[in-house]
Amino acid sequence: MLFALHIRNIALLDDVEIEFQNGLNVLTGETGAGKSILIGSINLLLGERANRELIRHGADRAEVSGLFYVEDGETAALLGEAGFAPEEDGSLLISRQILRDGKNICRIAGRTVTLAELKEAGKLLVNIHGQRDSQTLLDQAAHIHYLDGFLKEPGARALAAYQADYKAWKSLLRETEQADIDEAEKLRRMDLLTYEINEIRDAALSPEEEDELKKRRDIINHKKKLEQYVASGLSALSDNPEGTDARQALAVAAEALSAAGDFDPELSRQSERLQLMLEETEEVSRFLRGYFERLAEDEQPVDEIEERLDLIYRLKRKYGATVEDVLAHLAEAEDELAALQHAEERKEQLLELLEEARKKVSESAGTLTALRKHAVRAVVQGINENLHFLNMPQADFNIVLTEAPLNQYGAEQVSFTIKTNSGEDYRPLGKIVSGGELSRITLAIKSVLTKGDSAETLIFDEIDTGVSGTAAQKIGRKLRDLSGARQVLCVTHLAQIAAMAGTHFLIDKQTEDGRTRTRVAPLCHDERLRELARMISGEAVTETTLKQAEELIEFGEANG
């Protein structure tokens, strides 16, 4: 259950703390007081999309936190599997901050989590039913998900198993269709692949070759200048016929300092350094002599290199941006050609695998169908009992399962149909035009289908649209019945529903120091009487309306 809710800086809610109770909690207030903002804040806590415009003017962030007590063992286990195990006393603290730059800081049990993780945990804790849910019920595509929700864990396991088998079957089906090309197309493709493979193989490419060829081309194009520079370098280092090269100068200096070392050891160390420099000079000289000889012997025409570079360029234009890409294309073409050459063998193998996958997915679909068919009777009976209780005595709800081609959700379509009066034909829910009927149908369906939910807290946001009188009283009693097993929070405009509550909160606006704030406070008996009287007759609270309010409360207590 949601025990405590704390909201800061969300629209008119600057700093609000609410302690909810077990049973039925109702929230009432005049239009515009902030009821929708309160429900929106709970939605934010459960991971719904946030609009930073909700942040109260002057604040840098908004925050909502909720303290839950998890009493259901299965829910606690599911939270534990997700990594959010409640404390030993069942408590679990969830919070979310929304910053002005759009970032979110979400925490569960003190641990920072992603928005997706917050949403997953929220689904296990709270189920919110509002006017949007009524519209969703009009969408036939959503009906299968409502029915599967009633199946609870066995249904979830069966659906997951089916979807895994369905995915495997579809993958094999696509591969089989790709393998089933006509013979002429296959031969054309093989010819093209053979040509491409031979063209790339004949080129005998290597990844480093292009850079090496460009380097050789630059050397050949500048051969004369290179010979001059190398000869000049050799002459300066060691091959000067006049004896003024660096090698000779270093040798003379090293010998002189070695002799001077007899008088000062420091000069001997300097002589050793010159000897090392002399060895380096000899090494460089040997390299330059070899380089000069290779230049003289290299007679490869530059045209040959240009032709090779042109071949590489043409192959890259056809098969990839780099030589590595061309070689990768070669490998792919070889693999595809091999596959085509053995296509008949692979096709036979695929057909066998496809048949096995089809049988497996059909069995999985059959298991899922059986679970759904078995559940339909109980669901239909429960919903019809609720409809009759909610002042729709002639209503007859039905769930139709129609065989359909295998799809992502099974082998059937699920359609919710109803007739609201005797003698009528069953019609899709989308044909129901009365808002009051739709509200009661929604509550009847939700009352049954939420039995498959793990959430211990149910929130009904203005489920009373279009109803009044006895029907409203029946809705209140149904909500009261639901609250016997779960915590129920209900936003309502109707005194008949509010009178059924165990705890009644008033949401109203107050202006202090030039700023408007929304206040949420539990009502004592006298305050509750005045609020119910206001809901009955508007601002003109009279002894008569107060008496009516008292009678409604007494009725609620007698039928609780």
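Strands here are DSSP runs of E with at least two residues, helices are runs of H or I with at least four residues, and both are numbered from the N terminus. Before going on, a word of caution: this is a predicted model, where local features need pLDDT of at least 70 and side-chain atom pairs count only at pLDDT 80 or more, while totals for chains, interfaces and linings use all residues. Residues are numbered from 1 along each chain as its sequence is written, and side-chain values use heavy atoms, leaving out hydrogens and water.

Back to our strands. E7 runs antiparallel to strand E6 (residues 104-108), and three bridges join them. Two strands pair if DSSP finds at least two bridges between them. Zooming out, six strands make an open, antiparallel sheet, ordered E2-E1-E4-E5-E6-E7. At its edges sit E2 (13-19) and E7 (111-113), each pairing on one side only.

Now the helices. H9 (residues 223-237) packs with H11 (residues 265-297) at about 150°, their axes 10 Å apart. Axes are lines fitted to C-alpha atoms, for helices over the stretch in contact, and angles run from 0 to 180 degrees between N-to-C directions. So H9 and H11 are roughly antiparallel, a label for angles over 145 degrees. Their contact (heavy atoms within 4.5 Å) includes Leu226 and Val230 of H9 with Leu288 and Phe292 of H11.

Thanks, and happy to look at the model together!

Terms used
Parallel < 35°, antiparallel > 145°, perpendicular 65-115°, else oblique.
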